[in-house]
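Work through the exercises below with the sequence and the model at hand. Each task is followed by a solution in steps.

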Amino acid sequence: MNDSNQHNDFESLCSGYVLNSLSEEERREFEEKLKTATPEQMEFFRDLQQVRDDFALLSKPVSPPKE
């Protein structure tokens, strides 16, 4: 796998990891990739985490209906 494919694979798995949508096998694979991630990949990972956290704050709280 060339560097471009490895980078794209990291980004794809990273997105799924941040959204908690990976299979157990994919999660383990991504966590292994994190151990040797480049500074740029770590920045991408932190940026995605921040975007996820920001999205959680975008909607206004809604009270459940009384019934």
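**Exercise 1.** Decide whether R27 is buried, partly exposed or exposed.

*Solution.* Step 1: in this predicted model, the relative accessible area of R27 is 27%. Step 2: buried means under 20% and exposed means over 50%, with partly exposed in between. Step 3: R27 is therefore partly exposed.

**Exercise 2.** Find which side chain meets that of R27 in a salt bridge, and state where the two residues lie.

*Solution.* Step 1: the side chain of E24 meets that of R27 in a salt bridge, at 2.2 Å from N to O. Step 3: both residues belong to helix α2, where they are 3 residues apart, about one turn of the helix. Step 4: E24 has a relative accessible area of 43% and is partly exposed.

**Exercise 3.** E24 also forms a salt bridge with R28. Give the distance between their closest N and O atoms, and describe their spacing in the helix.

*Solution.* Step 1: the closest N and O atoms of E24 and R28 are 3.5 Å apart. Step 2: E24 and R28 are 4 residues apart in helix α2, so about one helical turn separates them. Step 3: R28 has 45% relative accessibility and counts as partly exposed.

**Exercise 4.** Describe the salt bridge between E32 and K35, and classify the exposure of each partner.

*Solution.* Step 1: the closest N and O atoms of E32 and K35 are 2.9 Å apart. Step 2: the two residues lie in helix α2, 3 residues apart, about one turn of the helix. Step 3: E32, at 48% relative accessibility, counts as partly exposed. Step 4: K35, at 64%, counts as exposed.

**Exercise 5.** Locate N20, then give its phi angle and its exposure.

*Solution.* Step 1: N20 sits in the loop between α1 (3–18) and α2 (24–35). Step 2: its phi is positive, about 55°, although N20 is not a glycine. Step 3: N20 has a relative accessible area of 71% and is exposed.

Key. Residues numbered from 1 in each chain as written. Predicted model: local features only at pLDDT ≥ 70, side-chain atom pairs only at ≥ 80, totals over all residues. Heavy atoms only, no water. Buried < 20%, exposed > 50% of the residue type's maximum accessible area, 1.4 Å probe, protein only. Salt bridge = Lys/Arg side-chain N within 4 Å of Asp/Glu carboxyl O.
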